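Work through the exercises below with the model open. Each task is followed by a solution in steps.

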Amino acid sequence: MDLLIPDKVHDETRQGEALILEPVGKTNGRKLYIESYGCAMNFSDSEIVASILAEKGFETTSDFNSADVVFINTCSIRENAEVRVRNRLKEFAGAKFRNPGMVVGVLGCMAERLKAKFLEEEKLVDVVVGPDAYRDLPNLIEQVDGGQRAVNVLLSREETYADISPVRLNSNGINAFVSIMRGCDNMCSFCVVPFTRGRERSRDAHSVVAECKDLFDKGYREVTLLGQNVDSYKWSGQLAEGVEPLAVGDEITVVNFANLLEMVALVSPELRVRFSTSHPKDITDEVLHTIAKYENICNYIHLPVQSGNSRILDIMNRTYDREWYMNRIDAIRRIIPDCAVSTDVITGFCTETDEEHNDTVTMMDYVKYDFAYMFKYSERPGTLAAKRYADDIPEDVKQRRLAQIVAKQQEYSFYRMQARIGKVEKVLIEGFSKKSDKDYCGRSDQNAMVIFPVSENYKPGQYVNVLVERTTSATLIGTIVE
């Protein structure tokens with residue numbers, strides 16, 4: 001399964017990662033341990049949390065047993081993430097028994113939904129904090145120090161953390177995530193995000209560009225713009241001095257996602273720009289033409305389909321049908337012919353028949369995705385689907401359907417890789433290969449991992465041209481060409 005999972009959205013190898021940074025300035029002697037699960041947004045949020053607490057003198061540690069404050073940043077999207085979190089909290093409870101002064105807290109998407117269980121029933125934690133309340137953490141920790149349990153899971157219509165410059169934790173100094181918006185207004189029936197992350201709101205466009213400029217000046221060479229639905233990004237505000245209007249108006253401008261992409265691309269032609277995630281109902285030809293216009297905006301789009309059947313898409317409340325999705329794929333192929341496309345697929349959604357499942361299979365045949373995240377449906381408490389529909393597909397049927405699409409995707413992942421043989425890929429060197437310090441690794445424009453021998457003329461953070469000579473199902477293998 002690892003060969004089907006690109007690392008920009010939901011990297012399984014990072015699940016449970018503890019974040020570490022070098023101490024900056026005066027410390028208060030207290031140590032912070034923060035562990036993250038879920039999507040790239042959660043890892044980005046952990047950087048925000050670390051920034052807020054670093055300002056208060058906390059330094060990080062990789063050993064929770066030696067920490068004064070232990071946080072776990074949670075995900076509610078998939079059931080196995082919740083199981084992992086509960087198991088880790090039990091381990092933290094053991095450490096707290098040995099160190100009664102330790103503060104244990106739950107952050108993120110599980111916080112609001114399970115606050116009563118964590119605080120009162122299971123008594124596993126001292127503090128519960130939702131995604132919009134991280135500024136309140138120093139105050140909440142003080143409350144716990146005073147002998148009280150503390151909770152803040154209030155959702156905000158304004159909070160974007162635009163003024164907080166995230167520390168870059170466990171970073172290679174080359175790739176960085178930049179959050180451009182928070183929350184989600186799409187009410188997909190299987191998803192908890194609108195309830196855990198609140199309503200959609202976009203960051204000030206100028207603060208996004210400023211963050212990207214700062215990263216470039218510090219040596220970073222790739223940014224990934226993050227949002228639950230980047231295509232619905234929309235910011236209206238006062239123009240910064242010297243900035244040309246992007247829409248009709250004297251002092252107020254409206255910036256959409258295509259405009260923002262262009263603004264970030266213009267930071268430097270040496271700064272690669274990626275983004276995640278797009279929504280089929282919102283991705284426009286304007287965005288596609290912007291990608292085609294700038295060489296440094298990567299030819300890679302993650303476009304979740306979820307199902308290839310229109311009736312299932314309707315009860316998922318995806319607000320598009322099979323034909324609309326295929327129209328968007330056709331537009332991508334027409335405007336950006338060399339664009340890689342990845343997707344999300346859910347098998348065994350409520351009431352799905354074998355014939356409807358087959359529509360998903362034929363959609364995969366139509367698109368021939370480069371990558372796919374593939375899951376069998378897992379009912380999440382609090383979602384619209386949990387309230388409206390019975391989870392009525394037997395487990396063995398879900399598993400059979402999942403196995404079929406996994407096999408199908410393996411076929412197309414290999415097909416897409418094979419098509420790159422003989423081509424020269426522009427690769428941003430990210431570091432040494434996991435298997436050998438004699439090989440470099442980096443990603444192509446289409447987000448494929450590329451492995452090639454180390455050359456003393458090049459180092460991480462530089463671009464090289466690599467001639468692809470062979471492939472596996474997941475990796476391009478080649479040599480540098482001048």
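**Exercise 1.** Describe how helices α6 and α7 pack, beginning with the handedness of their crossing.

*Solution.* The crossing of α6 and α7 is right-handed; a crossing has this hand if the near helix is turned clockwise from the far one by less than a right angle, and is left-handed if anticlockwise. The model is predicted, local features need pLDDT of at least 70, side-chain atom pairs count only at pLDDT 80 or more, and totals for chains, interfaces and linings use all residues. Residues are numbered from 1 along each chain as its sequence is written, and side-chain values use heavy atoms, with hydrogens and water left out.

Step 1. Helices (H or I, at least four residues) and strands (E, at least two) are DSSP runs, numbered from the N terminus. Helix α6 covers residues 205-217, and its angle with α7 is about 30°, with the axes 9 Å apart. Axes are lines fitted to C-alpha atoms, for helices over the stretch in contact, and angles run from 0 to 180 degrees between N-to-C directions.

Step 2. α6 is therefore roughly parallel to α7 (angles under 35 degrees; over 145 is roughly antiparallel, 65 to 115 roughly perpendicular, the rest oblique).

Step 3. From α6, A205, H206, V208, V209 and C212 meet L260, M263 and V264 of α7 (contact means heavy atoms within 4.5 Å). The residues of this contact are 7 nonpolar, 1 polar and no charged. Here Ala, Val, Leu, Ile, Met, Phe, Trp, Tyr, Cys and Pro count as nonpolar, Asp, Glu, Lys and Arg as charged, and the others, Gly among them, as polar.

**Exercise 2.** How many disulfides does the structure hold?

*Solution.* Step 1. A disulfide is a pair of cysteine sulfur atoms within 2.5 Å. The structure holds 0 of them.

Step 1. Take C184 as a check: the closest cysteine sulfur, in C188, is 6.5 Å from the sulfur of C184, too far for a bond.

Step 2. C184 is buried, because its relative accessible area is 10% (buried is under 20%, exposed over 50%, partly exposed in between, with a 1.4 Å probe and protein chains only). C441 is buried too, at 11%.
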